[in-house]
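Student: I have a structure open and would like to go through it with you. Could you take my questions one at a time?

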Amino acid sequence: MHAAQYSLGRLLLSDDPDVRNTNTGIRWMKAAAKNGNDYAAYALGKEYLSGKHVVKNSGTAAKYLHQAARADNPWAQYLLGKLYLMGEGVEQDEDIACEWFQAAAEQGHTYAQFFVDRMEQQGQLVSPILLLSATRLLHHMGNILRDSAPQDSTTRVPHIDRKRLQ
(Lines give C-alpha, C1' and ligand atoms only; values in the text may rest on other atoms or scores of the structure.)
Protein backbone atom coordinates (compact mmCIF):
# COMPACT_ATOMS: atom_id res chain seq x y z
CA MET A 1 0.00 0.00 0.00
CA HIS A 2 2.78 2.45 0.88
CA ALA A 3 4.34 1.89 -2.56
CA ALA A 4 1.10 3.05 -4.21
CA GLN A 5 0.96 6.07 -1.89
CA TYR A 6 4.53 6.95 -2.82
CA SER A 7 3.85 6.51 -6.55
CA LEU A 8 0.75 8.67 -6.38
CA GLY A 9 2.66 11.34 -4.45
CA ARG A 10 5.46 11.35 -7.04
CA LEU A 11 2.96 11.65 -9.86
CA LEU A 12 1.15 14.55 -8.21
CA LEU A 13 4.47 16.33 -7.58
CA SER A 14 5.62 15.87 -11.17
CA ASP A 15 5.93 18.67 -13.70
CA ASP A 16 3.03 17.30 -15.74
CA PRO A 17 0.41 20.09 -15.64
CA ASP A 18 -2.44 17.61 -16.26
CA VAL A 19 -1.92 15.82 -12.93
CA ARG A 20 0.15 18.21 -10.82
CA ASN A 21 -1.29 18.90 -7.36
CA THR A 22 1.51 19.64 -4.90
CA ASN A 23 -0.56 19.77 -1.70
CA THR A 24 -2.15 16.39 -2.35
CA GLY A 25 1.19 15.00 -3.53
CA ILE A 26 2.89 16.00 -0.28
CA ARG A 27 0.01 14.51 1.69
CA TRP A 28 0.42 11.16 -0.11
CA MET A 29 4.19 11.25 0.39
CA LYS A 30 3.70 11.82 4.12
CA ALA A 31 1.25 8.91 4.27
CA ALA A 32 3.75 6.65 2.49
CA ALA A 33 6.59 7.74 4.78
CA LYS A 34 4.41 7.18 7.84
CA ASN A 35 3.73 3.66 6.56
CA GLY A 36 7.47 2.96 6.27
CA ASN A 37 8.35 3.83 2.67
CA ASP A 38 11.98 4.96 2.78
CA TYR A 39 11.84 6.48 -0.72
CA ALA A 40 8.96 8.71 0.37
CA ALA A 41 10.87 9.72 3.51
CA TYR A 42 13.92 10.53 1.38
CA ALA A 43 11.81 12.52 -1.10
CA LEU A 44 10.20 14.47 1.76
CA GLY A 45 13.62 15.18 3.23
CA LYS A 46 14.71 16.65 -0.10
CA GLU A 47 11.46 18.63 -0.37
CA TYR A 48 11.97 20.19 3.08
CA LEU A 49 15.58 21.03 2.20
CA SER A 50 14.69 22.70 -1.07
CA GLY A 51 11.48 24.43 -0.03
CA LYS A 52 10.08 23.85 -3.52
CA HIS A 53 6.67 22.43 -2.51
CA VAL A 54 6.72 22.99 1.26
CA VAL A 55 8.09 25.61 3.61
CA LYS A 56 11.84 25.02 3.88
CA ASN A 57 12.73 23.39 7.19
CA SER A 58 16.10 21.69 7.69
CA GLY A 59 15.07 20.09 10.98
CA THR A 60 12.06 18.40 9.42
CA ALA A 61 14.21 17.39 6.45
CA ALA A 62 16.71 15.75 8.81
CA LYS A 63 13.88 13.88 10.55
CA TYR A 64 12.68 12.35 7.28
CA LEU A 65 16.22 11.65 6.12
CA HIS A 66 16.98 9.86 9.39
CA GLN A 67 13.93 7.65 8.82
CA ALA A 68 15.06 6.74 5.31
CA ALA A 69 18.73 6.35 6.30
CA ARG A 70 17.84 3.95 9.12
CA ALA A 71 15.97 1.91 6.49
CA ASP A 72 19.29 1.63 4.59
CA ASN A 73 18.47 4.10 1.83
CA PRO A 74 21.97 5.03 0.57
CA TRP A 75 20.86 8.37 -0.94
CA ALA A 76 19.37 9.42 2.39
CA GLN A 77 22.50 8.25 4.21
CA TYR A 78 24.67 10.33 1.89
CA LEU A 79 22.48 13.42 2.19
CA LEU A 80 22.33 13.03 5.96
CA GLY A 81 26.12 12.86 6.01
CA LYS A 82 26.19 16.17 4.15
CA LEU A 83 23.78 17.71 6.67
CA TYR A 84 26.00 16.63 9.56
CA LEU A 85 29.04 18.10 7.78
CA MET A 86 27.29 21.45 7.38
CA GLY A 87 25.36 21.41 10.66
CA GLU A 88 22.13 21.99 8.74
CA GLY A 89 19.05 20.78 10.62
CA VAL A 90 21.32 18.81 12.95
CA GLU A 91 24.27 19.63 15.15
CA GLN A 92 27.47 19.71 13.10
CA ASP A 93 29.46 16.54 13.69
CA GLU A 94 32.11 15.29 11.26
CA ASP A 95 32.32 11.88 12.97
CA ILE A 96 28.60 11.20 12.52
CA ALA A 97 28.83 12.54 8.96
CA CYS A 98 31.60 10.05 8.25
CA GLU A 99 29.48 7.22 9.70
CA TRP A 100 26.60 8.06 7.36
CA PHE A 101 28.95 8.40 4.39
CA GLN A 102 30.46 5.02 5.29
CA ALA A 103 27.00 3.40 5.46
CA ALA A 104 26.12 4.78 2.01
CA ALA A 105 29.52 3.84 0.57
CA GLU A 106 29.08 0.25 1.75
CA GLN A 107 26.00 0.13 -0.48
CA GLY A 108 27.94 1.39 -3.48
CA HIS A 109 27.20 5.12 -3.29
CA THR A 110 30.11 6.62 -5.26
CA TYR A 111 29.96 10.16 -3.87
CA ALA A 112 29.80 8.84 -0.32
CA GLN A 113 32.88 6.71 -1.03
CA PHE A 114 34.65 9.86 -2.25
CA PHE A 115 34.02 11.51 1.13
CA VAL A 116 35.01 8.40 3.10
CA ASP A 117 38.28 8.08 1.21
CA ARG A 118 39.18 11.73 1.77
CA MET A 119 38.04 11.90 5.39
CA GLU A 120 40.00 8.79 6.35
CA GLN A 121 43.27 10.10 4.93
CA GLN A 122 45.78 10.38 7.69
CA GLY A 123 46.16 13.93 8.91
CA GLN A 124 43.06 15.07 7.02
CA LEU A 125 44.93 17.43 4.74
CA VAL A 126 41.64 18.58 3.21
CA SER A 127 38.69 19.77 5.29
CA PRO A 128 35.43 17.83 4.68
CA ILE A 129 33.66 21.17 4.27
CA LEU A 130 36.09 22.01 1.47
CA LEU A 131 35.34 18.63 -0.14
CA LEU A 132 31.63 19.40 0.00
CA SER A 133 32.23 22.76 -1.66
CA ALA A 134 34.35 21.12 -4.34
CA THR A 135 31.64 18.56 -5.15
CA ARG A 136 29.04 21.34 -5.40
CA LEU A 137 31.31 23.31 -7.72
CA LEU A 138 31.92 20.27 -9.94
CA HIS A 139 28.19 19.54 -10.06
CA HIS A 140 27.36 23.10 -11.12
CA MET A 141 30.20 23.21 -13.65
CA GLY A 142 28.90 19.99 -15.18
CA ASN A 143 25.45 21.55 -15.52
CA ILE A 144 26.90 24.67 -17.13
CA LEU A 145 28.93 22.63 -19.60
CA ARG A 146 25.96 20.41 -20.40
CA ASP A 147 23.62 23.37 -20.92
CA SER A 148 26.08 25.33 -23.07
CA ALA A 149 27.20 22.40 -25.24
CA PRO A 150 26.25 22.86 -28.89
CA GLN A 151 23.39 20.70 -30.06
CA ASP A 152 24.15 18.02 -32.61
CA SER A 153 22.43 19.33 -35.73
CA THR A 154 22.79 16.04 -37.62
CA THR A 155 20.13 14.32 -35.56
CA ARG A 156 16.73 15.96 -35.50
CA VAL A 157 15.08 13.52 -33.11
CA PRO A 158 12.52 15.18 -30.83
CA HIS A 159 13.15 14.83 -27.12
CA ILE A 160 10.58 12.64 -25.40
CA ASP A 161 10.69 12.39 -21.65
CA ARG A 162 10.66 8.93 -20.13
CA LYS A 163 7.07 9.08 -18.85
CA ARG A 164 5.66 9.86 -22.27
CA LEU A 165 7.97 7.31 -23.84
CA GLN A 166 6.56 4.60 -21.58
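Student: Which pattern does the protein chain follow, read along the sequence?
Tutor: In this predicted model, the protein chain reads α-α-α-α-α-α-α-α-α. There are nine helices and zero strands.

Student: How much of the protein chain counts as buried?
Tutor: Of its 166 residues, 37% count as buried. The protein chain exposes about 10700 Å², and carbon and sulfur atoms supply 53% of that area.

Student: What about contacts between residues at least 24 apart in sequence?
Tutor: Such pairs make up 42% of the contacts in the protein chain between residues at least 6 apart in sequence.

Student: Let us turn to helix pairs. At what angle do α3 and α4 pack?
Tutor: Helix α3, residues 38-50, packs against helix α4, residues 58-70, at an angle of about 160°, and their axes are 8 Å apart. Angles over 145 degrees count as roughly antiparallel, so α3 and α4 are roughly antiparallel to each other. Their crossing is left-handed.

Student: Which residues make that contact?
Tutor: From α3 they are Asp38, Ala41, Tyr42, Leu44, Gly45, Tyr48 and Leu49, and from α4 they are Ser58, Thr60, Ala61, Tyr64, Leu65, Gln67 and Ala68. By type, the residues of this contact divide into nine nonpolar, four polar and one charged.

Student: And how do α5 and α6 pack?
Tutor: Helix α5 (residues 74-86) and helix α6 (residues 94-105) pack at about 165°, with their axes 8 Å apart. That angle makes α5 roughly antiparallel to α6. The crossing of α5 and α6 is left-handed.

Student: Which residues of α5 and α6 meet there?
Tutor: On the α5 side, they are Pro74, Gln77, Tyr78, Leu80, Gly81, Lys82, Tyr84 and Leu85; on the α6 side, they are Glu94, Ile96, Ala97, Trp100, Phe101, Ala103 and Ala104. The residues of this contact divide into eleven nonpolar, two polar and two charged.

Student: A change of topic: where is Arg20 found?
Tutor: Arg20 is in the loop between α1 (2-12) and α2 (22-34).

Student: Why does Arg20 count as partly exposed?
Tutor: Its relative accessibility is 34%. Partly exposed covers the range between buried, under 20%, and exposed, over 50%, so Arg20 counts as partly exposed.

Student: Which residues does Arg20 touch, leaving out those up to four places away in sequence?
Tutor: Arg20 touches Leu12, Leu13, Ser14, Asp15 and His53.

Student: How far apart in space are Arg20 and Arg10?
Tutor: They are 9.5 Å apart, C-alpha to C-alpha, and ten residues apart in sequence.

How values were computed:
Residues numbered from 1 in each chain as written. Predicted model: local features only at pLDDT ≥ 70, side-chain atom pairs only at ≥ 80, totals over all residues. Heavy atoms only, no water. Helix = DSSP H or I, 4+ residues; strand = E, 2+ residues; numbered from the N terminus. Buried < 20%, exposed > 50% of the residue type's maximum accessible area, 1.4 Å probe, protein only. Contact = heavy atoms within 4.5 Å. Areas by Shrake-Rupley, 256 points an atom, 1.4 Å probe, with all protein chains shown as cover. Axes fitted to C-alpha atoms, helices over the stretch in contact; angles between N-to-C directions. Parallel < 35°, antiparallel > 145°, perpendicular 65-115°, else oblique. Left-handed = near helix turned anticlockwise from the far one by under 90°. Nonpolar A, V, L, I, M, F, W, Y, C, P; charged D, E, K, R; others polar.
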